[in-house]
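Trainee: Please put the structure up. I would like to go through its salt bridges.

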Amino acid sequence: MTQRNYTIDKLRGICMLGVLGIHTGSLALMCQNPNPHLYMLLEILSRYSVPAFFFISGYGLFCQYKPGCDLDYRQFIKKRFQSSGVPYLSWSLFYMVYFSTVVPGCIPWFSPLGLLHLLFWGLACYHLYFMIILLWFYAFFPLFQKLMATMQSIGLKTGFALLFVLQMLFNYWTMHPGITAQQLPLVLQDFFTYRLNYLPLHYLFIFMLGGLAAIKEKEFFQAVTAKFKSVTVLYILSIAYICGSYYYYYYKHGYDLISLTNTFQQLSPQGFIYTIASILFFCALFSRLQANIFTKAVDFISANSMLVYFCHPFWLSMIERTSHHFGIVMTTKRVIAAYLVLLALSLITSVILTKLSKYIAPLHYLLMGKKLKK
């Protein structure tokens with residue numbers, strides 16, 4: 001059995017904080033005079049988090065299934081689709097019912113085709129597309145195993161250098177395709193429109209980097225720890241690159257905040273480089289840190305990260321609706337307070353659901369995708 005990597009656990013916790021930051025960015029836009037600096041922190045600098053979760057997934061899979069090992073694909077898919085697919089379906093149905101209740105008619109899911117459409121593309125709630133991409137990573141994992149074996153045969157440095165270039169080109173091409181959905185046949189329009197919701201290739205380099213951390217675990221974590229100063233410089237430079245681009249287009253070209261988000265998201269060159277630097281930095285940082293209040297807090301968030309991920313949009317919706325109902329005008333301080341409230345409510349919900357699920361087997365299965373051990 002593979003020994004648990006506590007650095008990866010902590011990375012999961014810090015990534016969850018980033019995910020909450022991204023989604024709290026919607027509140028920053030509700031301010032009468034949105035603070036561009038706070039918005040950048042929430043919507044730009046927090047975007048390392050989504051790709052980093054694919055790094056964690058790649059690490060976990062390659063720890064269990066090294067390149068060249070025998071893989072019972074049928075059992076692998078059954079196990080993975082149960083552990084991730086069941087919670088995905090459970091929470092998708094929850095959000096379909098919830099949003100249909102608070103905003104009647106907003107989700108046309110009451111027909112078999114409408115339901116299939118929402119579930120296939122991950123449209124029941126804005127955060128669930130991640131699960132769709134993850135499921136596609138599982139479906140094609142044997143190919144990624146073979147890719148890693150090929151990269152090992154030609155040399156990992158050469159292989160990752162080539163993959164880095166190809167990833168940059170692929171992401172740019174898919175983000176700037178030069179056509180619109182209306183130019184395609186009707187049957188292909190959804191595949192084009194939702195291409196970012198299902199194509200795992202957008203995050204292939206990050207996923208394979210997680211695989212590298214798994215198959216060369218000792219060397220990987222020793223290297224990032226030993227070169228902590230260099231990793232930190234790279235991290236700072238990547239922040240300067242993405243923040244400099246953000247401010248340049250904000251002040252020089254007058255981009256609005258939403259346009260800046262779409263321009264410098266995690267698949268842009270700036271976002272991609274920042275993501276890699278962030279992963280390396282946090283891996284190096286948590287490999288060096290001794291146990292303290294901060295690391296214990298991150299561990300707690302990590303332990304609850306799955307349910308926090310699934311439930312936090314519900315509480316964010318509640319915060320938005322409550323603010324609207326009482327006429328609360330968002331300010332910079334209130335957005336920060338809302339972030340902390342969102343984190344607290346999501347953690348409390350996770351703790352309660354986790355405790356309840358220990359006594360209710362069907363709930364445990366629906367939430368965790370695992371049968372309750374007797």
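Predicted model: local features only at pLDDT ≥ 70, side-chain atom pairs only at ≥ 80, totals over all residues.

Mentor: Residues are numbered from 1 along each chain as its sequence is written, and side-chain values use heavy atoms, with hydrogens and water left out.

Trainee: How many salt bridges are there by the rule?

Mentor: The rule asks for a side-chain nitrogen of Lys or Arg within 4 Å of a carboxyl oxygen of Asp or Glu. Counted by this rule, the salt bridges number four.

Trainee: Is Asp9 buried or exposed?

Mentor: Buried means under 20% relative accessible area, exposed over 50%, and partly exposed in between, with a 1.4 Å probe and protein chains only. Asp9 has a relative accessible area of 10%, so Asp9 is buried.

Trainee: What is the N to O distance between Asp9 and Arg12?

Mentor: Both residues lie in helix α1 (residues 6-28), three residues apart, which means about one helical turn between them. A helix here is a DSSP run of H or I, at least four residues, numbered from the N terminus. Arg12 is partly exposed at 21%. The salt bridge between the Asp9 and Arg12 side chains has an N to O distance of 3.0 Å.

Trainee: Which residues do shared partners join into one network?

Mentor: Arg4, exposed at 54%, forms a salt bridge with Asp9, with the closest N and O atoms 2.6 Å apart. Asp9 also meets Arg12 in a salt bridge. The network joined by shared partners consists of Arg4, Asp9 and Arg12.

Notes:
Helix = DSSP H or I, 4+ residues; strand = E, 2+ residues; numbered from the N terminus.
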